[in-house]
Amino acid sequence: MVQIDAIFKLAGLGIAVAFVSMVLNRAGREEVGTLVTVVGLVIALFVAVNVISELFGSLKNVFSLY
């Protein structure tokens, strides 16, 4: 089953990163805005990898694999 809290975390992170990046770009700080976007992407990837890891752990338990 998909963890709904992970989806909400990713959605909230995406909204926050988009907002901060947009504010920084409008303020003339394009480099920092790009850095915020990249850091947000890395954090999102860590969350996604954690969810995928739990999925594979569950599959391993369901099929009794070692």
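**Surface and shape**

Tutor: The accessible surface of the protein is about 5400 Å², and 74% of that belongs to carbon and sulfur atoms. Accessible areas here are Shrake-Rupley values with a 1.4 Å probe, and for residues only the protein chains shown count as cover. Bear in mind that this is a predicted model, where local features need pLDDT of at least 70, side-chain atom pairs count only at pLDDT 80 or more, and totals for chains, interfaces and linings use all residues. Residues are numbered from 1 along each chain as its sequence is written, and side-chain values use heavy atoms, with hydrogens and water left out.

Student: What secondary structure does the protein have, helices or strands?

Tutor: It has 2 helices and 0 strands. Those are DSSP runs, numbered from the N terminus: H or I of at least four residues for helices, E of at least two for strands.

Student: And what are the spans of the C-alpha trace along its principal axes?

Tutor: About 55 × 20 × 5 Å. The radius of gyration is 16 Å, whereas a compact globule of 66 residues would have one near 11 Å. That radius is taken over C-alpha atoms, and the globule rule is 2.2 Å times the number of residues to the power 0.38.

Student: How much of the protein is buried?

Tutor: Buried residues make up 9% of the 66. Buried means under 20% relative accessible area, exposed over 50%, partly exposed in between (1.4 Å probe, protein chains only).

Student: Switching to isoleucine 15, where is that?

Tutor: Isoleucine 15 is in helix H1, residues 4-26. Its C-alpha is 10 Å from that of glycine 40, 25 residues apart along the chain.
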